[in-house]
Amino acid sequence: MRRNIDLLHEPILPALTRLALPIMATSLVQMAYNLTDMAWIGRVGVGAVSAVGSASMFTWFSQGVSNLAKMGGQVKVAHALGQGNRNEAAEYAQGAFQIGILFALIFGFLAITCRKGLIGFFNMKNPEIIRDAEMYLVITCGLILFSFLNAIFTGILTASGDSRTPFLSNVIGLVINMILDPVFIFGLGPVPPMGVAGAAFATVGAQAVVTAVFLFSVRSDTILFDKVKILRSTSMVHMKQIVRIGFPAAVQTMIYSGISMILTRLVAGFGDTAIAVQRVGGQIESVSWMAADGFAAAINSFVGQNFGAKQWDRVKKGYIKAAQIMFLWGMFSTGLLIFAAEPIFRIFICETNVVADGIVYLQVLGVSQMFMCEEILTTGALSGLGKTMQASVISIILTSARIPMARLLVMTPLGLSGIWWAITLSSVLKGIVYITYFMITMRRMPKTA
């Protein structure tokens with residue numbers, strides 16, 4: 001079966017759907033990694049959830065660092081393939097991997113050496129939670145290389161029209177993670193119980209397996225990877241193009257995660273269990289946004305290749321069809337979070353007081369799901385056009401508004417839920433602004449190739 005989809009000539013909806021479904025499934029698999037960890041860690045205790053939740057903020061931050069190589073490589077590979085230049089596409093892929101490897105090593109070193117200061121930022125009080133958080137940070141971020149490589153592999157393969165390989169690779173990783181989690185967390189036979197550290201080792205182990213599967217899968221590729229030589233120097237022209245496209249997306253993700261860290265510190269003022277609510281609630285909500293992120297990767301590649309081929313009509317029609325699908329998905333997610341909040345949250349934590357706060361979190365965040373899905377999709381479409389700077393400016397300005405909004409709302413009778421409302425209101429506003437901007441951008445495109 002042919003793995004690569006012809007994004008330039010196949011009918012739009014079938015091509016977009018065939019590309020998007022495996023990517024969405026891949027995102028859901030990645031989400032399942034986190035939910036599997038959380039389900040097992042939740043059985044250790046609320047303190048363990050708080051430790052993993054705080055330390056995981058930095059693995060999220062690392063995604064911003066890897067985004068420079070991933071997004072820059074994915075967009076430029078798509079443009080080059082759209083222009084029919086495979087050698088140039090391979091040069092961009094090669095440069096993306098080289099940048100990603102360098103940044104992964106630097107990030108891992110800083111995470112290990114600065115672990116006390118990084119975890120200390122959240123101002124947690126329990127020494128045991130702090131110790132577990134530092135340990136989780138050292139393991140997951142110290143070995144972040146596998147996560148970086150997997151992200152870049154996924155981006156490059158998607159840009160070439162192959163979304164099946166990332167899906168299958170991540171499914172294998174999920175199975176490994178599901179097996180390792182209970183063994184490493186609670187122990188089995190000669191393996192001692194390791195608690196939070198066990199969850200970290202299970203995650204990193206699964207990521208390493210995914211990297212190995214990617215390397216095995218691309219060994220016979222003749223479109224790009226047969227021309228990629230990691231030890232060969234890449235021209236500065238191509239490197240600069242990768243950085244130019246990837247830098248705004250990287251900064252956007254890092255600032256976004258940084259804002260979330262500030263909000264987490266504000267949440268910590270309501271007690272360590274409040275962090276657990278945020279962590280578990282965020283993982284449940286990821287059912288919505290990670291699926292949207294997967295579809296955004298598909299529209300990014302679709303728009304990127306058709307933009308490179310100057311097929312403007314396909315760019316417009318592809319975005320509109322994708323936006324309609326995301327509208328339906330967002331409304332489904334809203335219904336799920338609002339009407340099934342309690343049974344879903346109880347899967348992970350059963351303490352009555354924590355569940356009560358968790359229900360409020362899910363119901364408040366449920367209001368914004370459709371707008372958030374459209375925001376994520378449109379970010380992918382704008383990036384496919386090479387407009388990563390414009391997308392980043394919109395996101396940074398409106399996401400930053402969460403901090404003063406949260407500080408204001410927590411002083412009202414809303415209390416802790418005021419932070420959740422700040423997140424929801426900003427997401428609604430971002431969705432409206434993104435859609436409006438892209439509609440204006442489409443009107444300015446030529447009507448014919």
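Reader: At its relative accessibility, does M442 count as buried or exposed?

Author: The relative accessibility of M442 is 7%, in a predicted model where local features need pLDDT of at least 70, side-chain atom pairs count only at pLDDT 80 or more, and totals for chains, interfaces and linings use all residues. Residues are numbered from 1 along each chain as its sequence is written, and side-chain values use heavy atoms, with hydrogens and water left out. Buried means under 20% relative accessible area, exposed over 50% and partly exposed in between, with a 1.4 Å probe and protein chains only, so at 7% M442 counts as buried.

Reader: Which residues is M442 in contact with, leaving aside its neighbours within four places in sequence?

Author: M442 lies in helix 17, where helices are DSSP runs of H or I with at least four residues, numbered from the N terminus. Its C-alpha atom is separated by 8.7 Å from that of W312, 130 residues apart along the chain. With contact taken as heavy atoms within 4.5 Å, and its neighbours within four places in sequence left aside, M442 is in contact with K316, Y319 and I320.

Reader: Which residues does S427 touch, not counting those up to four places away in sequence?

Author: S427 also lies in helix 17, which spans residues 417–443, and it is buried, with a relative accessible area of 3%. Not counting residues up to four places away in sequence, S427 touches S368, F371, M372, E375 and R402.

Reader: What covers the buried residues of helix 16?

Author: In helix 16 (residues 402–409), the buried residues are R402, I403, A406 and L409. They cover an arc of only 140 degrees around the axis, taken from the directions from the helix axis to the C-beta atoms, which puts them on the same side of helix 16. Their cover includes helix 9 (236–268), helix 15 (388–400) and helix 17.

Reader: What is the relative accessible area of L102?

Author: L102 is found in helix 3 (residues 86–113). Lying between the limits for buried and exposed, L102 is partly exposed, with a relative accessible area of 47%.

How values were computed
Helices (H or I, at least four residues) and strands (E, at least two) are DSSP runs, numbered from the N terminus.
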